[in-house]
Amino acid sequence: MKKIISMLLIAVALLSLCGCSRGAPENQVFSPSDLEGKQTGIVTDSTTGYFLSDLEKLGINVRTYTDARVAVNDVESGSLDCAIMDEETAKDQLSMFSSSEILDTPVIDAELSIVTALESASLLSVIDSTLGELIDDGIVNRIANNYLGGKEYVYKSPEDIEYSGTLKLAVNAIGQPFAFYNVQGELVGMDIDIARAVCDEMGVELTVVDAGGEDLYGYIRSGKADLAMGCLYKNDSTKDLVSFSQSYYTSTQVIVVRKK
């Protein structure tokens, strides 16, 4: 009898060491190539929401979340195979969860750009040059930090500016931080402030239109707006659709899994 009890105690100890005491299955996701068919939590109330359609193309079984903490908890409990979220969000969460980790290879590493129609090369040249100056001056970074939690800088157009002409910006008001409606019902966001700063430097007035979920590449190609912003980046499928400025922000989406 004592021998049987000893063997049971050893078995329990081994199960505890391998993490099986939590009842969660072993991790099966080690890179983005393993995502197909996996139950994956997507944190939509963040930058990740803008990439939802891209992520769905990977063949994942999507479960949407508005709270990253709940998503990571479901990864650790085993009800999710993994979760995808913005890198900074993931780092914040893992400071509170000890049984999860971030895979080394991100699922999306997008250099976001302002885009114009292919035939608007001269306009894009001016936008790109002006954007570069604002990046060098630190203005773009300060605008981004304001919407990403810094709250130390709010961009405002100069009061004495005299505009000559207008440019129309198209966005999709999906959510923070890029473009969204605030509690006053105003269309605001990081992309809008960056575009406004660029236009102010160019001496043209910015108007903003919510494309209502319409494909922004198609929106620009059809001439409905002069420029567009909103997680738009150059890849094999988009490089020939529109013209891209230099990057104003890098959005990195990572995979959170149970520790090996």
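Predicted model: local features only at pLDDT ≥ 70, side-chain atom pairs only at ≥ 80, totals over all residues.
How many residues does α7 have, and how far does α7 reach from its first C-alpha to its last?

**View 1. The whole protein, for orientation.** The C-alpha trace spans about 90 × 40 × 30 Å along its principal axes. Its secondary structure comes to eight helices and 13 strands. Of the 260 residues, 44% are buried. Take the contacts between residues at least 6 apart in sequence: 70% of them join residues at least 24 apart.

**View 2. Helix α7, mostly covered.** Here is the reply to the opening: α7 has 13 residues and reaches 19 Å from first C-alpha to last, close to the 18 Å expected at 1.5 Å a residue. Ten of those 13 residues are buried. They are M190, D191, I192, D193, I194, A195, A197, V198, C199 and D200. Their cover includes the helices α5 and α6, along with the strands β7, β9 (187-188), β10 (205-210) and β13.

**View 3. Helix α5 and its surroundings.** α5 runs over residues 121-136. With 16 residues, α5 reaches 22 Å from its first C-alpha to its last, close to the 22 Å expected at 1.5 Å a residue. Buried here are L123, L124, I127, T130, L131, G132 and L134.

**View 4. Where α5 meets α7.** Helices α5 and α7 pack at an angle of about 105°, and their axes are 9 Å apart. An angle of 65 to 115 degrees counts as roughly perpendicular, so that is the label for this pair. On the α5 side, the contact is made by L123, V126, I127, T130, L131 and L134. On the α7 side, I194, A197, V198, E201 and M202 take part. Sorted by class, the contact has nine nonpolar residues, one polar and one charged.

**View 5. The largest nonpolar core.** In soluble globular proteins, nonpolar side chains tend to be buried together. The largest such core in this model has 50 residues, and L112, I143, M190, Y248 and I255 touch the most other members. Which element gives the most to this core? That would be α7, with seven residues. The elements giving two or more residues are β3 (82-86), β5 (108-112), α5, α6, β7, α7 and β13 (249-258).

**View 6. Zooming in on Y248.** Leaving aside neighbours within four places in sequence, Y248 is in contact with L112, S113 and I114, among others. The list also includes L131 and I135, then V140, then M190, D191 and I194. M229 and G230 are in contact with Y248 as well.

**View 7. Y147 in helix α6.** Y147 has its place in α6. Its relative accessibility is 16%, so Y147 counts as buried. Not counting residues up to four places away in sequence, Y147 touches P177, F180, V188, G189, M190 and D193. D104 is 43 residues from Y147 in sequence and 26 Å away in space, C-alpha to C-alpha.

**View 8. L80 in its loop.** L80 is found in the loop between α3 (68-77) and β3. Is L80 buried or exposed? At 0% relative accessibility, L80 counts as buried. Its contacts, leaving aside neighbours within four places in sequence, are Q39, T40, G41, R63, Y65, A71, D74, V75 and R258. Q39 is 41 residues away from L80 in sequence, yet the two C-alpha atoms are 5.3 Å apart.

**View 9. C231 and its positive phi.** Most residues other than glycine have a negative phi. C231 has a phi near 55°, a positive value in a residue other than glycine. C231 is found in the loop between β11 and β12. Its relative accessibility of 6% is why C231 counts as buried.

Methods: Residues numbered from 1 in each chain as written. Heavy atoms only, no water. Axes fitted to C-alpha atoms, helices over the stretch in contact; angles between N-to-C directions. Helix = DSSP H or I, 4+ residues; strand = E, 2+ residues; numbered from the N terminus. Parallel < 35°, antiparallel > 145°, perpendicular 65-115°, else oblique. Contact = heavy atoms within 4.5 Å. Nonpolar A, V, L, I, M, F, W, Y, C, P; charged D, E, K, R; others polar. Expected span 1.5 Å × (residues − 1). Buried < 20%, exposed > 50% of the residue type's maximum accessible area, 1.4 Å probe, protein only. Core = buried A, V, L, I, M, F, W, Y, C linked by side-chain atoms within 4.5 Å.
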